[in-house]
Amino acid sequence: MNLLIADDEMVIRKGLLSLDWKSIGITEVYSASNGEEVKALLLSETIDLAIFDIKMPGMSGLELAGMIKEYSLDTAVVLLTGFSDFEYAREAIRCNVYEYILKPFRPREILDTVADIKKRLEQKRYRDKVLREYEDHVGASDTMSQVRNRFPKVSQLTADLLQDMARDFGQQISLEELAERYHFSVPYLSRKIKQETGYSFMDILKAIRLMNAAQLLLEGEKVNQACMKAGFRDQRYFSQVFRGVYGCSPSDFKKNEEVDLQKLKLHSILKEFSRKKGASGDEE
């Protein structure tokens with residue numbers, strides 16, 4: 001992987017360039033002294049990782065992070081700054097910045113941070129590669145396709161979380177597990193999913209499971225097997241949730257010869273969740 005270092009202070013830039021990047025698997029290091037140089041490099045080269053000073057001439061580190069997000073570039077960003085104002089951190093989060101480090105910092109801290117981000121980026125790219133190969137050879141998973149189509153404008157982190165849910169819905173997937181996997185806190189991931197999708201983690205997961213359970217029932221699966229395969233572990237709870245969306249028990253649903261196929265779609269199930277919460281006076 002390669003790395004781009006950008007800081008308008010020559011001393012800091014040279015200090016960063018002098019670090020033993022090869023020891024953590026960085027094979028090539030670019031450097032820039034202002035935002036315009038960075039922008040040109042981002043548009044002409046494939047940059048894997050980047051360390052930006054938050055305040056630079058031309059374009060700030062935050063503006064560059066925003067550009068990376070806007071252009072959907074596969075570049076992981078670390079921001080360096082002497083500012084501790086939380087507004088900068090909040091803006092960095094909105095721009096999908098991986099880490100936010102205050103000056104002064106220790107060289108080992110920088111190397112360890114970049115090594116950790118490199119590992120996370122490699123894991124993400126591997127997952128993306130496996131998914132692409134699966135879709136190329138088997139055909140796109142209907143669940144994954146529906147999730148992507150329902151939430152097309154979310155951040156990369158939220159998209160990854162949603163795809164993990166779409167892939168692993170039949171297992172005991174939890175927000176705690178995802179938080180550990182992506183190195184974020186549970187409250188942060190919970191807020192991020194809610195803010196970007198309008199739905200809670202549990203509502204989306206429950207909708208994905210219901211969609212698949214209904215499909216399994218239509219394919220002739222027994223109710224208890226459809227329940228387990230879709231990720232529900234309590235059949236009584238499953239029947240209750242199922243009736244709330246489809247208006248009948250799973251057993252009666254199997255017998256229905258005139259099923260409205262639109263009700264099998266993820267967006268329809270989520271819409272029904274919203275309608276019921278609105279009717280009961282709950283906030284979405």
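These legends describe several close-up views of one predicted model.

**Figure 1. The whole chain, as predicted.** This is a predicted model in which local features need pLDDT of at least 70, side-chain atom pairs count only at pLDDT 80 or more, and totals for chains, interfaces and linings use all residues. Residues are numbered from 1 along each chain as its sequence is written, and side-chain values use heavy atoms, with hydrogens and water left out. The chain holds 14 helices and 5 strands. Helices (H or I, at least four residues) and strands (E, at least two) are DSSP runs, numbered from the N terminus. Of the 284 residues, 45% are buried. Buried means under 20% relative accessible area, exposed over 50%, and partly exposed in between (1.4 Å probe, protein chains only). Among contacts with a separation of 6 or more, 63% link residues 24 or more positions apart. A contact means heavy atoms within 4.5 Å.

**Figure 2. Confidence along the chain.** The mean pLDDT is 86, and 86% of the residues reach 70 or more. Over residues 134-140 the pLDDT is below 50. In the model, this stretch has 6 contacts beyond near neighbours in sequence. The pLDDT is the predictor's confidence in each residue, from 0 to 100.

**Figure 3. An open parallel sheet.** In what order do the 5 strands of the open sheet stand? The order is β2-β1-β3-β4-β5, and the pairing is parallel. The edges are β2 (28-32) and β5 (99-102). Each has a single partner strand, so one side of each is left without a neighbour in the sheet. Neighbouring strands are turned by 15° against each other on average, direction ignored. Two strands pair if DSSP finds at least two bridges between them. Strands of a sheet pair through backbone hydrogen bonds, either parallel or antiparallel. Strand β1 (residues 2-6) pairs with β2 in the parallel sense, over 5 bridges. Here Asn-2 stands opposite Glu-28 in β2.

**Figure 4. Two helices across the sheet strands.** Helix α1 (residues 10-17) lies across β1, β2, β3 (49-53) and β4 (76-81). Its direction is at about 175° to β2. Helix α3 (residues 61-70) lies across β3 and β4, at about 150° to β3. Axes are lines fitted to C-alpha atoms, for helices over the stretch in contact, and angles run from 0 to 180 degrees between N-to-C directions.

Figure 5. The structure holds 8 aromatic pairs. Phe-238 and Phe-242 form an edge-to-face pair, 5.7 Å centre to centre, with 65° between the planes. Why are Phe-238 and Phe-242 separated by about one helical turn? They are 4 residues apart in helix α12 (residues 235-246). Phe-238 is buried, with a relative accessible area of 0%. Phe-242 is buried too, also at 0%. The rings of Tyr-246 and Phe-253 have centres 5.1 Å apart and planes at 55°, so this pair is tilted. Tyr-246 is buried at 10%, and Phe-253 is buried at 3%. One cluster takes in Phe-232, Tyr-237, Phe-238, Phe-242, Tyr-246 and Phe-253. Rings of Phe, Tyr and Trp (its six-membered ring) pair if their centres lie within 6.5 Å; planes under 30 degrees apart count as stacked, over 60 as edge-to-face and the rest as tilted.

Figure 6. Asn-212 lies in helix α10 (residues 201-218). Is Asn-212 buried or exposed? At 16% relative accessibility, Asn-212 counts as buried. Asn-212 touches Thr-143 and Phe-169, not counting residues up to four places away in sequence. Met-202 also has its place in α10. Met-202 is partly exposed, with a relative accessible area of 48%. Met-202 and Ser-174 are 28 residues apart in sequence but 8.8 Å apart in space, C-alpha to C-alpha. Lys-206 lies over the face of Phe-273, at 4.9 Å from the ring centre. A charge sits over a ring if NZ of Lys or CZ of Arg is within 6 Å of the ring centre and within 35 degrees of the ring normal.

Figure 7. Most residues other than glycine have a negative phi, and most peptide bonds are trans. A cis peptide bond joins Lys-103 and Pro-104, with omega about -5°. Pro-104 is in the loop between β5 and α5 (107-138). Ser-72 has a positive phi, near 55°. Ser-72 lies in the loop between α3 and β4 and counts as exposed at 62% relative accessibility. Phi of His-183 is positive as well, near 65°. His-183 lies in the loop between α8 (175-182) and α9 (186-197). At 44% relative accessibility, His-183 is partly exposed.
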